[in-house]
Amino acid sequence: PTTRVTVVTVIDDADATHTQRCASATVRLIELVHARANISPRYVRVLCVPTRELTERLRDIRAAMALKSNVPSRINVTPMELTFPCVFFNVYAMGGEKEFEKLIKMDGPAAVSRAALATNDDVFGAHDGALDVFNRAFVIGDVVDGDAYVRSARRSVMERKPSRTTRRVDGCLVLNDDVGSDDATKDSYAPEQVVSELLELLRSADGEHEDALKELKSKCAAVSSRFRSATPLRTIVDENMRKSFLLNLYNAAVKHAILIHGVPTNSSIARARFYRHNGYDVGGEFYSLDDIEHGLLRADAPHPSSGALSRVFFGRRRSYFTAGDVRARAAMETRDARIHFALNCGATSCPPVRMYDAAKLNQQLDLAARAYINATTRVTETKNSGRYVVELSKLFKWYASDFTDDGRGKARDVLRFVARFLNDNGTTAHALDQPKSVWRITYAPYDWTMSP
């Protein structure tokens with residue numbers, strides 16, 4: 001059985017300061033579980049319980065343990081003697097930060113994990129009631145993963161400690177966090193107007209001298225600060241308008257992050273941090289580059305790198321956002337694979353940056369798909385034998401499920417998508433329909449080199 005790791009934390013709706021102290025302690029505990037027991041925050045569930053109902057909830061836990069009389073319980077104290085936030089492995093209380101650290105030192109991570117596998121009961125059920133906390137990222141009773149909780153807590157910390165410069169808090173960076181500009185709070189802005197102006201500024205950054213770049217950074221800070229007073233993304237009802245805005249926002253955020261912090265080192269870890277931690281506050285809600293691409297543009301689809309671990313431990317993750325995350329309301333209703341030819345992640349092998357307009361978005365995406373596919377695809381036939389070798393961009397490997405109607409990512413279905421945009425007078429599409437044709441796909445190396 002799989003160990004269920006749950007952190008129970010407290011929300012006091014009458015004391016915001018106490019709630020924040022508990023939130024900070026919860027983040028430390030989640031990170032301790034990651035460091036000592038090697039359990040990623042993504043697989044830690046966080047349950048927020050009101051202080052007024054804490055005793056009742058713990059009574060339920062003890063009652064569940066009583067049903068397992070043959071399993072020795074670590075809950076050998078009265079409910080209110082437990083330290084909160086408290087980490088549970090299944091229904092075993094491992095204690096708070098100090099208690100869990102002592103257990104790890106005494107028994108070792110492996111022994112503690114083995115002990116937790118004795119039962120797989122789930123005693124943390126859903127709970128009624130709602131309370132706005134951390135920009136309404138989740139409510140009391142929502143069971144959210146630790147990763148979402150940590151990101152929400154970090155955003156809350158950033159908002160309470162304003163600075164006149166862009167700041168990095170616990171590795172999470174808000175590119176438009178320069179609150180020195182008074183313009184950000186005077187008026188409400190249409191986000192598509194702001195991103196259009198910002199992207200035009202950033203596209204002029206190439207080849208600028210150092211003095212000019214300083215001025216450009218200042219201008220970008222002033223323009224991007226207006227995102228914070230923009231209307232929330234979920235209020236943009238028109239899908240094309242929201243999609244075109246998000247495409248432009250993503251491309252602007254990549255160039256803005258490189259402008260401020262330079263090019264990340266050429267390693268998969270550095271790149272993952274770059275896309276996970278850089279983003280904008282739009283309408284009071286933080287969106288990282290990963291949030292924009294996978295959570296919003298790919299219609300709340302899981303990150304492609306999460307598949308392997310998810311299958312091993314918990315089965316394939318079905319969505320990017322966790323339950324209760326209001327940002328999911330801004331996600332596209334359907335997945336449009338053509339976005340992959342409009343997003344520029346800063347790498348040499350990425351499609352070029354263009355400005356996308358809601359009024360002509362379909363035509364623009366078709367042109368982008370056709371240009372990229374014809375520039376990166378090679379189809380060769382072996383001596384008229386009906387055997388074909390197709391070299392594709394690795395985008396078709398990483399996001400294979402996006403290019404097929406059924407989401408299964410079968411090779412021939414991916415090739416049918418490619419054939420729609422190839423300028424070969426339908427030769428490839430016709431060959432795909434031949435029952436005896438044999439196809440082999442290879443993938444060209446992806447050049448991750450990023451330019452400042």
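Me: How many salt bridges does the structure hold?
Reply: This is a predicted model, where local features need pLDDT of at least 70, side-chain atom pairs count only at pLDDT 80 or more, and totals for chains, interfaces and linings use all residues. Residues are numbered from 1 along each chain as its sequence is written, and side-chain values use heavy atoms, with hydrogens and water left out. A salt bridge here is a side-chain nitrogen of Lys or Arg within 4 Å of a carboxyl oxygen of Asp or Glu. On that cut-off, the number of salt bridges in the structure is 12.

Me: Which residue does R226 meet in a salt bridge?
Reply: The N to O distance for this pair is 3.0 Å. R226 sits in the loop between α7 (210-224) and α8 (239-261), and its partner lies 29 residues away in helix α6 (residues 191-203); helices are DSSP runs of H or I with at least four residues, strands are runs of E with at least two, and both are numbered from the N terminus.

Me: Which residues are linked with D336 in a network of salt bridges?
Reply: One link is the pair D336 and R338, with the closest N and O atoms 2.9 Å apart. Both of these residues are buried. Besides D336, the network takes in K243, R338 and D366.

Me: How many disulfides does the structure hold?
Reply: A disulfide would need a pair of cysteine sulfur atoms within 2.5 Å. As for cysteines, C345 is buried at 10% relative accessibility, and C350 is buried at 11%. The disulfide count is zero.

Me: Which residue in β11 stands opposite R378?
Reply: There's an open sheet of three strands with mixed pairing, in the order β10-β11-β12, where strands pair if DSSP finds at least two bridges between them. The edge strands are β10 (378-381) and β12 (438-443). Four bridges join β10 to the antiparallel strand β11 (residues 387-392). Opposite R378 stands E391.

Notes:
Buried < 20%, exposed > 50% of the residue type's maximum accessible area, 1.4 Å probe, protein only.
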